[in-house]
Structure formats: structure tokens, C-alpha cells
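Here is a short note for a colleague who has not seen this structure before. The points below can be read with the sequence and the 3D view side by side.

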Amino acid sequence: MICALASSVCFGAASVLQAMGARATTPGTGGGVDIALMWRVLRQWRYIAGLCMDGLGFVLQIVALRTLPIYVVGAALAASLAVTAVIASRVLRVRLSRVEWTAVGVVCAGLALLALASGKEGHKDGPEWLPWALLASAFGVLLLGVVGGRLPAKPRALVLGLGAGFGFGVVEVAVRLIDGVDFADPVWYALLVGGGAAFVLLTSALQRGSVTTATAGAVLGETVGPAIIGVAWLGDTTREGLGWLAVTGFAIAVAGSLTLARFGEPPEVDANGRPVEAGAVGSGAAGSGAAGSGAGGASGPGSRTGTGPGTGTDTGPGTGTGQDAS
């Protein structure tokens, strides 16, 4: 459980760094999935630092998935939203409402219930078709990205967010099924394709749509499905007689995380690091004069989270206007 919580902390902190780097990146044109965005954000040192935190978080996630039921790890990863909210309130001086502080406490309570009720990690390999189903699902995420990128703004954010969540869910299940290094095993390809597709879809969803909608879709996609697979086919269990407590804790933790879904990226800040209120006239994205995310770009593969309810449009060198897209 310690590894799962530490992974959540890494992902929550990484998302703040990644989104700040993505916000400083010039977006592409059009409304679809922007593959070239990956190359542009990699020039930002904050984004690189965030990726390093993601790498550490992923290692901890692997350890957790090999020792805990998937439903526990999934709920802990969703809790990275609470981590980001707390970091934003302290470091970026973002004001959390009473409801959001309550949601942070609810997430912690849900994880505590899960820790009390969770049993041992299952040791079943699952049915023979499961690895191939994972690989098909990974390519399905890519297809979902192509289709979702052509949708209008509001449904696009939800579809791309859900697709990213499905991709992260593929990674969670794949980690449990891997048994040694065997590149003839379809699970390895499912892990690589699913993780890569999820990364691209979530980055595009956060930069070009509602942060709250995209993040909520990702949380649902990466928690519910893998949890069901773990219990149904991989042998994940709860402590005897405490199944109801595990379900309650899981539902509470996920519900609390959804309440914090606006923390999908950090808020717009001025040159002095002070948050800029949505709707206010502020500085443009490095004076580039390109349309961009006023709430701050994108989050990385692990989580995926940060803060900011609005998007901004840069209208010229040094000026921009904020617009609420949530």
C-alpha cells in the first residue's frame, strides 16, 4: 500500500510540472489529436522533470500492482488528484473551496477503507484470450483517439479522456499478466501501445477541451474496468466478510477524485507565479500569438492531474483572454 500511495504522490506532483511545461508550448492547429505536441513539450524542462517523476511513479505502480489487488492500486492512482489539489493550494496558492477540501478528506477516507478491506493480490493468469483482448483494446484506444479527435469540443474531451483512461487501464492489467521478458507475448505490446496511446489522448484532451470532463473520463476509464477484470479473472479478493467495505471504499475514493477533476492541470499564473483568475486579461503564452490552453496544457501518463477550470486564447504577443470551458 505504501508503494501505491507513493506512486500517487509522484503522479500528482508530476502533473503540476508537466502542465506548466505544456502551457508554455505553442499548440498546433485544428481540433484533433496532435502527435507533434509531444515533441514540442519535450523542450520544456518542467515537463522533463515531470516525466522523471512519472517514471518513478510508474516503477512504484508496478511494485504495487504485483503485490496488491488492482482495485486498490487504481483507486490510489485516482487519488493523485487530491495530491495535486493540495500541492496547488500550497505552492501555487490556489484557493480550494470547502467542498474540495472535503473531497480531499473523502479520498483519504476511501483509501483507508480499502487498506482495511483489501485481500491479497490474485495469482491467476486469467483466460487465454485475455492477453489478446488487451492488445485489441490497446489498438481500440488508438481508434477511439482518431474518432474522438473529430468530435466537437465538449464530447471530444470526454471521449479522449475516457480513451486515455482505457489505455491506462490496459497498462494496469498488462503489468499483472507479464511473466518475464518474452516479446512474443502480446501483453508486452498491449502495454506499450496502450500506454503510449493513453499519453497522447490525455495530453490532447486536456489542451483542447474541458479539463474537468477529460479528467473525469480518465479517472472512470482507468479504475472501474481494471478493478472488475482483477476480481473476475485474476483472483483479486478482499478480506473475509469485508467485501462490502472494499466496494464502499473504492466508490468513495473514486467519487472524491471525480469531485476534484478540475485539478487536471494547474491554473494560469503570471510572471511572478501568482494564479490568474479565469476571465481576466493576462499574459500570453510566451507572446507567441497562438491559441492555447489558458489553464495550462496537459498532464502526463500517470495521472494525469493538475488544476484549472478555464482555457485561454492568446490573442497576440503578450496578451490573452481566459474563457471557462468546464
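**Notes on the structure**

1. Threonine 212 lies in helix H10; helices (H or I, at least four residues) and strands (E, at least two) are DSSP runs, numbered from the N terminus. Threonine 212 counts as partly exposed, because its relative accessibility is 26%; buried means under 20% relative accessible area, exposed over 50%, and partly exposed in between (1.4 Å probe, protein chains only). Glycine 161 is 51 residues from threonine 212 in sequence, and their C-alpha atoms are 9.7 Å apart in space.

2. This is a predicted model, in which local features need pLDDT of at least 70 and side-chain atom pairs count only at pLDDT 80 or more, while totals for chains, interfaces and linings use all residues. Residues are numbered from 1 along each chain as its sequence is written, and side-chain values use heavy atoms, with hydrogens and water left out.

3. The mean pLDDT (the predictor's confidence in each residue, from 0 to 100) is 78 for the protein chain, and 74% of the residues score at least 70. Over residues 277-326 pLDDT stays under 50; for this stretch the model has 163 contacts beyond four places in sequence, a contact being heavy atoms within 4.5 Å.

4. The protein chain contains eleven helices and three strands. Along the sequence the order is α-α-α-α-α-α-α-α-α-α-α-β-β-β. Of the 326 residues in the protein chain, 53% are buried. Among contacts with a separation of 6 or more, 82% come from residues 24 or more positions apart.

5. Which residues of H3 are buried? They are Tyr47, Gly50, Asp54, Gly57, Leu60, Gln61, Ala64 and Leu65. These residues lie on the same side of H3, because they cover an arc of only 135 degrees around the axis; the arc is that of the directions from the helix axis to the C-beta atoms. Trp45 and Cys52, on the other side of H3, are exposed. Helix H3 (residues 45-65) has 21 residues, which should span 30 Å at 1.5 Å a residue, and its end C-alpha atoms are 30 Å apart, which agrees. The expected span is 1.5 Å times one less than the number of residues.

6. Helix H4 (residues 70-78) is mostly covered, with nine of its nine residues buried. Helix H5 (residues 80-91) has twelve residues and reaches 16 Å from its first C-alpha to its last, close to the 16 Å expected. Buried in H5 are Ser80, Leu81, Ala82, Val83, Thr84, Ala85, Ala88 and Ser89.

7. Rings of Phe, Tyr and Trp (its six-membered ring) pair if their centres lie within 6.5 Å; planes under 30 degrees apart count as stacked, over 60 as edge-to-face and the rest as tilted. The count by this rule is two aromatic pairs. Tryptophan 129 and tryptophan 233 form an edge-to-face pair, because their ring centres are 5.3 Å apart and their planes stand at 85 degrees. This pair links distant parts of the chain, 104 residues apart: tryptophan 129 is in the loop between helix H6 (98-117) and helix H7 (130-148), and tryptophan 233 is in helix H10 (residues 211-233). Tryptophan 129 is partly exposed at 46% relative accessibility, and tryptophan 233 is partly exposed at 36%. The aromatic pair of phenylalanine 183 and tryptophan 188 is tilted, at 5.5 Å centre to centre and 50 degrees between the planes. Tryptophan 188 counts as buried, at 19% relative accessibility.
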